[in-house]
Amino acid sequence: MRKIICKTYEEMSATAAYIVAEQVRTKPQSIIGFATGSTPVGTYKQLRSLYESGYVDFSGVTAFNLDEYYPIKHDNDQSYYYFMRDNLFSHINIKEENLNIPNGECSDPAKECTEYDRKMAAMGGTDLQILGIGNNGHIGFNEPADSLSLATYLVDLTEDTIEVNARFFEKIEDVPRQALTMGMGGVFSSKHILLLINGSKKAPIVKELFSGSITPQVPASLLNLHPNVTVIMDEEAASLL
Ligand code: PGA
């Protein structure tokens, strides 16, 4: 895994945004895997600026998002449907028909997951997958476990993740207990994975990520097996390396 250590969160975000923009400038029909959470917010802000300045055109881009809470309504401001529009999609010229996010309103999650994978596979996987990492090493909502799913699936969130994500909700009881997440197969289908990590809270998991061992108990550690991963961190996240 290639490491880029940036001084600040802003520098990390700008570096990531340029990598995404270069991908789209090189291949205007790129398929981009997008992530949610607080980590990529700065990257999306920079991408909006790059779009506004005319540097990058998203009209040919197709998006596949990593995950979504389940169940959740699109108009819930904590849904990833809402998050992606609020932070990026509503501000750039990506086409509505090219947006794919697992549907938190679906009535048949198993069918939704199968269809999501079928559509992504038919397009050949993603060209670039943006990822964050949980304090517990999860990627998307692939939580630490004895075995990990290849396919997109309905997952029970761990107590740890529910607690960490409660900061976005009014009260912890409002955090959905389940989510639809791209599995490890979907993540690995990407030609280039861009893992973004910032802040001192992530320093211990960064140390594990680069410890030289892989385990499903740290789902992100499996990324060591992918041939093309770029990890962009700020100095705080990299402080224990
Ligand atoms: P965060 O979440 O960006 O809000 O820290 C990352 C993740 O859980 O994947």
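R177 is partly exposed, its relative accessible area being 45%. The model is predicted. It holds eight salt bridges. Side chains of opposite charge can pair when their charged atoms come close. The points below take several of these pairs, then a sheet.

**The E159 and R177 pair**

- R177 meets E159 in a salt bridge, with 2.7 Å from N to O.
- The two residues sit in distant parts of the chain, 18 residues apart.
- E159 belongs to helix α5 (residues 159-165), while R177 lies in the loop between α5 and β8 (178-181).
- E159 has a relative accessible area of 46%, so E159 is partly exposed, and R177 is partly exposed at 45%.

**The R85 and E96 pair**

- R85 and E96 form a salt bridge, and their closest N and O atoms are 2.8 Å apart.
- R85 has a relative accessible area of 15%. Buried means under 20%, so R85 counts as buried.

**The E235 and K7 pair**

- E235 and K7 are joined by a salt bridge, the closest N and O atoms lying 3.2 Å apart.
- The link spans distant parts of the chain, as E235 and K7 are 228 residues apart.
- K7 lies in the loop between β1 (2-6) and α1 (9-26).
- E235 lies in the segment after β10 (229-234).
- K7 has a relative accessible area of 56%. The cut-off for exposed is over 50%, so K7 is exposed.
- E235 is at 42% relative accessibility and therefore counts as partly exposed.

**A network**

- Salt bridges also link K27, D127 and K191 in a network.

**The open sheet**

- Three strands make an open sheet in the order β4-β8-β7.
- Their pairing is antiparallel.
- β4 (67-70) and β7 (153-156) are the edge strands, and each pairs on one side only.
- On average, neighbouring strands of this sheet are turned by 30° against each other, direction ignored.
- Four bridges connect β7 and β8, which pair in the antiparallel sense.
- V155 stands opposite A179, a residue of β8.

Terms used: Residues numbered from 1 in each chain as written. Predicted model: local features only at pLDDT ≥ 70, side-chain atom pairs only at ≥ 80, totals over all residues. Heavy atoms only, no water. Salt bridge = Lys/Arg side-chain N within 4 Å of Asp/Glu carboxyl O. Buried < 20%, exposed > 50% of the residue type's maximum accessible area, 1.4 Å probe, protein only. Pairing = 2+ DSSP bridges. Axes fitted to C-alpha atoms, helices over the stretch in contact; angles between N-to-C directions.
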